[in-house]
Amino acid sequence: MGSLWRAGTKLSLVLSAVGGGSAAALIATSDDPETALKLCATVPRRLLRDAVTAANIAFDYEYSLWGLAEGSSERERTKHEVHLRSAKKLRDLCFTNGGIYIKLGQHLGQLEYLVPLEYVQTMRESMLNRCPVSSYEQVCDVFKKELGDSPDNVFSEFDPVPIASASLAQVHVARTHDGQKVAVKVQHTHLTDTAAADHATVELIVNTLHRFFPSFDYRWLIDEINESLPKELDFLTEAKNSERCLENFRKFSPHIANYVYAPKVYWTLSTSKLLTMEFMDGAYINDVKSIKKLGIHPHELSTLVSQTFAEMMFKHGFVHCDPHAANLLVRPLPSSRAGILGWRKPQLILLDHGLYKELDFNMRTNYAALWKALIFADANAIKKYSAKLGAGEDLYALFAGILTMRPWNRVIDPSMDHLVIQGNESDRSELQMYASQYFNEISELLRRLPRVILLMLKTNDCLRSVNNILGSSLETFFVIGKVSSEAVIEAKMAQSKSLVTWFSVRLDKILMEIRLWGMQMAWWLLQLRKTLSWSNQAS
């Protein structure tokens, strides 16, 4: 019945056999037999569940597409149906296993440049809204272990029903004994027992898949989980990240520091598994209707989001790497009043500071220089800085395409709106065609790039999704161009204090400002012409 089904069956048998052998070895060699026994009960079950799902999906593809002519409309229709069925099976597997699997499902939902659209949409629609919920008894267990008392005694009020739940924790509303309303983030109890098992299972799956399909090389994902998961499971690290983030804005980006906020941390009521923060009222960034009710213009918010993360990436070198819609709130700037048109200034509230990445000076400067080149369609600079970031001289065009979600001919198009994605069916079809056509090259590129840049890609994907919801406009690219250019200029000044460098940098800055101003004026004139054209047609 074909190679894919045989590979899926083979993978199932190998995973099951290796899982049993690994479990026996773990018990025999472990210094902690009790934990080892828990893992040995968990790992084989998860491996078997994974293997059955993998074989089921492989068989569905092979059987459903068998005999259908390549490129025919019937094959395309059938492939769409199989993609949808398989995405739902994968989604259900993530929910059943929980923990790391949900984090992986969320990541999959951002990979428009690599996986079929059906997988992206299925994961996006479900992974942020259907995460597991710990029982109140489990929450009380965490409180007693961490703070030595029940939630009802630690706080004057504590709502046992969580207002939100994510892959690693859930959030409850409470009130301190001095009357402050707070949000309490409680880690899921099962994660302590299953995190190691999840990691072992995912590592085995990725390594086995690479053995059978060499082009499927996602071993870098295991390294990233190794590094990031312990940090995400330590809520004190998250609390420190949030304070450092705000301090960076005050120090390096004072012009927008008031427009970016993170909840205040209550340190005496926080531990590595419990985090008590100021409760924040606001609208989620994907709720455009509520945002407008607050008197905030979505386009202005989109610009603020772009500027906030551009400052982090290009100037701070300390980046929030999980800015999906559930982690971003907005409220009117407390000190602002409605303008002439009735709109108020937005304040962006950053939540979930567990996953941050640091870019050293060279990485940050090269990444800023690359984005500057992308905005200004400078092909030679794109090639130069892509190579410096690890893409090599053969995959720079693909790297530029993944960053911008535009084909190379659009990336180097000198027109002002060359990077603006319309979000229509034509755009989506084009992206999926490239993902299918260049799958092996994309996999090779992801293998080459430093892990910190891979996290920047994830951040970039999250932000693109948010901006598409808010109505991404050319203004966001002006912001990225301006901030990246400023970062490059500041880096030049930091490397040399000579008078010649000072004059050179000042000239670069003036030319950059003129270029951006010219682009913006041309864009406004274009919009005015379109408006007048529509008015004439209407009359």
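Let's start with strands S5 and S10. S10 covers residues 346-350, and S5 pairs with S10 in the parallel sense over two bridges. Strands here are DSSP E runs of at least two residues, and helices are H or I runs of at least four, numbered from the N terminus. Two strands count as paired if DSSP finds at least two bridges between them. Val 260 has Leu 348 in S10 as its bridge partner.

Note that this is a predicted model: local features need pLDDT of at least 70, side-chain atom pairs count only at pLDDT 80 or more, and totals for chains, interfaces and linings use all residues. Residues are numbered from 1 along each chain as its sequence is written, and side-chain values use heavy atoms, leaving out hydrogens and water.

Back to the sheet. The sheet is open, with four strands in the order S5-S10-S9-S7 and mixed pairing. Which strands stand at the edges? S5 (260-261) and S7 (283-284), each with a single partner strand, so one side of each has no neighbour in the sheet.

Next, helix H5, residues 117-127. Eight of its eleven residues are buried, so H5 is largely enclosed by the rest of the structure. Buried means under 20% relative accessible area, with a 1.4 Å probe and protein chains only. Among the buried ones are Leu 117, Tyr 119 and Met 127.

Last, confidence. pLDDT is the predictor's confidence in each residue, from 0 to 100. The chain's mean is 82, and 81% of its residues reach 70 or more. Residues 1-18 fall below 50; beyond near neighbours in sequence, that stretch has 33 contacts in the model. A contact is heavy atoms within 4.5 Å.

Conventions:
Buried means under 20% relative accessible area, exposed over 50%, partly exposed in between (1.4 Å probe, protein chains only).
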